[in-house]
Amino acid sequence: MFGPTLDYHLLRPFVHGRNRATEKELNEQARNSTFSIDDARAHLQKVVQVYFDDRFRIDPNLSYLDIGCGMGRLSIALADAGISDVTGVDIMPRHIEEAQSLTGRLLEDKGPKFYCADVNQWETDRRFDVLFGLGFMEHVNDPDRLLASLSGLMKPGGRALLSFEPFQSPIGDHCRDFFWLDIPWRGLLFSEKALMRLRREFFRPTDPAERLEEIVGGLNKMRYSEWLRYIRQAGLEIDFINVNPQLRRYQPLGLISDVVTKIPRLGWYFQALVYVMLRRAGDKTPAPWNRS
């Protein structure tokens, strides 16, 4: 807004250090997770009922790929629901270590298979019925490349269930964990250098990143228009879209969101969370969970 130095001083009164942690401390926190099987079941229920509005059902006979699986919450929930063919992939070693640890603690011998890899470089000759990519698309490098690879990972009639937080949304800079007051459109209004300086001082002191794209875990700053273009270029079509479902429990805020987010172009700035179900363009095969 006013340059790195002045923006830093303008934002400084609104930050806190309660979540400040080094990479070593984050690794330790991951190892001491209290995540339970009840948490996994509640998470899966929210994914099915809230995020995707009961548009799909869990089928133990299908194969599932959890892209950007993080610490394996969804993968573990799927396995607990009776699915034997679950694969999770994530780029961060501590996430995969924690996923494997949680699997051993919660599922014993029926857990998913986890791989630590950049999904854009991960090689597999397998195809899956259902792909998940939740809380992930805004973090992957080369999101256009990732979306283009989905068709090759899906079986005929397969579906990809993804979420996306556009950078131009009110909270798109992902800096809310060290601000006690969430200033909307902060990443668009204020200098990135100011935000990164505050992030190093109050949130991640051992992460030397100078740009959001360089932080551990990454933030690609993809906008909604780019997201739609990449989907089209990848030869994919949207079967279902759900914008800001997290607001519907707070009426009339949810109704206001449903109206505002549909305004051409302007609405993109109010889309904090977008969930989509994708299929290959022109593929008329029924979704795998609807086949007899």
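**Ground rules.** I'm working from a predicted model, where local features need pLDDT of at least 70, side-chain atom pairs count only at pLDDT 80 or more, and totals for chains, interfaces and linings use all residues. Numbering runs from 1 along each chain as its sequence is written, and side-chain values use heavy atoms, without hydrogens or water.

**Sheet.** Pairing here takes at least two DSSP bridges between two strands. I then looked up E1 (residues 64–67) and E2 (residues 86–90): they are parallel, over four bridges. Tyr64 sits opposite Val86 in E2.

**Patch.** Met1, Phe2, Leu6, Leu10 and Leu189 make a nonpolar surface patch of about 480 Å². Patch members have over 30% relative accessible area and no salt bridge, with nonpolar side chains (Val, Leu, Ile, Met, Phe, Trp, Tyr) joined within 5 Å and like charges within 9 Å. A salt bridge would be a Lys or Arg side-chain nitrogen within 4 Å of an Asp or Glu carboxyl oxygen. Areas are Shrake-Rupley with a 1.4 Å probe, and for residues only the protein chains shown count as cover.

**Backbone.** I noted a cis peptide bond between Gln251 and Pro252, with omega about 10 degrees. Asp54, not a glycine, has a positive phi near 60 degrees. Asp142 also isn't a glycine, and its phi is positive at about 55 degrees.

Key
Helices (H or I, at least four residues) and strands (E, at least two) are DSSP runs, numbered from the N terminus.
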